[in-house]
Amino acid sequence: MSWGRGTLVLDPRENGPRGYANGGFACGGLARFVRSAPVEVTLRAPVPVGVPLAVKARLGGGAELLLRQVRGQEVLAEAVPVDPFLAEPPYRPTPDEARAAWAAHPFRGLDLPLSDCVVCGAERLDGLRICFGPVPDHPELMASPFVVPEAFCGDRGELRIPAVWGALDCPSYPAEAVRRDRFALLGRLAADLRRPVLAGEELVAVGWTESVGNRSMRTASALLAGDEIVASARAVWVEAKPDAV
């Protein structure tokens, strides 16, 4: 990802669905333009990679992500500051449980819209490798180990903010959608980052479902360093229509 004044360009390697940005990376990239934290981002449309996107300030300290078109502009995402929060997992998987969940990643070996995701794509050896899976006896949970790769860190060895958002995005994928064999897309993500995430840190990424509606599912996620919650997020996922998959 690169950015200038009022412009955001998302790296094509940091994709979610093929040809589009990973939702967490897109949200985190836009969140960088909001001065106060934490931030909540609502995605209005898939965010393309590799093209300049305009960022426009909003009243109240927020920001909009815009795609310039021949006729006007399309609003892709909206970011607003929110009150600080801490999402506490209902159960904290151990590192061994997270590794077992990673081995049971439900999408491994399948060709799906998110198979090449930079965060959870099982075959993406150049990604974050957060291949979440179920945690036995905790049907609402998904978990994965996360060893922070230096390639996604800045000069000070800190995981770049969009990558932290990406690491919180995919584990929040609703377990209910996996159980029902449904495909869901990220609609909203709010993240509260409590401290820098450092290259080489060994974390546990955990996500859980909080409520299920007709087509929407509210979830949350956290990055754990032992007993410490390094960062956490709240998300809304929307079940995709069959013709969108």
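1. Two strands pair if DSSP finds at least two bridges between them. The model discussed here is predicted.

2. Start with strand 9, residues 184-193. Is this strand mostly covered or mostly open? It is mostly covered, with 7 of its 10 residues buried.

3. Strand 9 has a partner in strand 3, residues 39-43. The two run antiparallel and share 4 bridges. Within this pairing, Val-41 stands opposite Leu-189 of strand 9.

4. Strand 9 also pairs with strand 12, residues 228-239. The sense is again antiparallel, and here there are 9 bridges.

5. Next, the largest pocket. It holds about 680 Å³ of space. Its lining counts 37 residues. Nearest its centre lie Pro-17, Leu-43, Pro-46, Leu-185 and Leu-186. Helix 1 (23-31), strand 3, strand 9 and strand 12 each give two or more residues to the lining.

6. Which element gives the most to that lining? Strand 9 does, with 5 residues. By class, the lining has 25 nonpolar, 7 charged and 5 polar residues.

7. Helix 3 spans residues 161-169. Why call it largely enclosed by the rest of the structure? Because 8 of its 9 residues are buried. The buried residues are Pro-162, Ala-163, Val-164, Trp-165, Gly-166, Ala-167, Leu-168 and Asp-169. Buried here means under 20% relative accessible area.

8. What covers the buried residues of helix 3? The cover includes helix 1, strand 3, strand 9 and strand 12. It also includes strand 8 (138-147) and strand 11 (216-225).

9. The largest nonpolar core has 63 residues. Val-47, Leu-65, Phe-146, Leu-159 and Leu-223 touch the most other members.

10. Which residues does it contact, leaving aside neighbours within four places in sequence? They are Leu-10, Tyr-20, Ala-21, Ala-26, Leu-53, Leu-65 and Leu-76. One of them, Leu-65, is also among the core residues that touch the most other members.

Key
Residues numbered from 1 in each chain as written. Predicted model: local features only at pLDDT ≥ 70, side-chain atom pairs only at ≥ 80, totals over all residues. Heavy atoms only, no water. Core = buried A, V, L, I, M, F, W, Y, C linked by side-chain atoms within 4.5 Å. Buried < 20%, exposed > 50% of the residue type's maximum accessible area, 1.4 Å probe, protein only. Contact = heavy atoms within 4.5 Å. 1 Å grid on protein atoms, 1.4 Å probe; cavity = no way out; pocket = protein on both sides within 12 Å on 5 of 7 lines; lining within 4 Å. Points joined across faces, edges and corners; volume = space filled by probe spheres on them. Nonpolar A, V, L, I, M, F, W, Y, C, P; charged D, E, K, R; others polar.
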